[in-house]
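Let us read this model feature by feature. Please bring up the structure.

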Amino acid sequence: MWHKDFTDRLKSWSALRTEIQTMPLEQALNKINSWWCQAPWTGYYLHWDDMPNWPNPWQLLSDNIYCDIARGLGILYTIILLDHKDLISVELVLTEDNRNLVLVNKEKYTLNWDNNVIVNNRLEISIKNRFIYPHIY
């Protein structure tokens with residue numbers, strides 16, 4: 001269930017990050033993917049052409065508007081804040097077929113593809129654009 005109140009969303013997001021901190025990476029990624037796929041979906045909110053103006057994690061939760069890019073961005077932010085020993089890399093990508101995917105550990109895991117599971121094999125995708133977050137506030 002997605003929380004309507006901003007404070008409750010922040011608490012839930014914090015609890016998620018605490019819960020997954022010590023999980024095996026694949027299990028943690030599944031939890032992250034499932035949590036963000038509960039967010040209420042809207043057709044358009046963020047656009048790749050406006051990348052410099054994308055919200056930070058807390059603004060994203062405050063705005064509470066989630067298109068495919070916003071969900072992917074939320075997944076990316078959550079993973080970035082996860083201090084996990086098995087985490088090598090993470091990026092949000094736009095594919096040639098206009099899917100917004102989160103690729104983890106050099107494309108070993110693909111999130112934001114399916115609401116219930118992560119894809120844990122290398123998909124044949126052509127990347128049109130990518131977003132690698134340089135740091136967290």
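Q: Where is Glu-107 found?
A: Helices (H or I, at least four residues) and strands (E, at least two) are DSSP runs, numbered from the N terminus. Glu-107 is found in the loop between strand 2 (100–104) and strand 3 (109–111). This is a predicted model: local features need pLDDT of at least 70, side-chain atom pairs count only at pLDDT 80 or more, and totals for chains, interfaces and linings use all residues. Residues are numbered from 1 along each chain as its sequence is written, and side-chain values use heavy atoms, with hydrogens and water left out.

Q: What is the phi of Glu-107?
A: Most residues other than glycine have a negative phi. Glu-107 has a positive value, near 70 degrees. Asn-112, in the loop between strand 3 and strand 4, also has a positive phi, of about 70 degrees.

Q: Is Asn-112 buried or exposed?
A: Buried means under 20% relative accessible area, exposed over 50%, partly exposed in between (1.4 Å probe, protein chains only). Asn-112 is at 10%, so it counts as buried. Glu-107 is at 27%, so it is partly exposed. Of the 137 residues of the protein, 42% count as buried.

Q: In what pattern do the helices and strands follow one another?
A: The protein has 4 helices and 4 strands. Read along the sequence, they run α-α-α-α-β-β-β-β.

Q: How many disulfides does the structure hold?
A: A disulfide is a pair of cysteine sulfur atoms within 2.5 Å. The structure holds 0 of them. Cys-37 is buried at 13% relative accessible area, and Cys-67 is buried at 2%.

Q: Where does Trp-58 lie?
A: Trp-58 lies in helix 3 (residues 57–63). Its relative accessible area is 31%, so Trp-58 is partly exposed. Arg-9 is 49 residues away from Trp-58 along the chain, yet their C-alpha atoms are separated by 9.8 Å.

Q: What share of the contacts joins residues 24 or more positions apart?
A: Contact means heavy atoms within 4.5 Å. Among contacts in the protein with a separation of 6 or more, residues 24 or more positions apart account for 58%.
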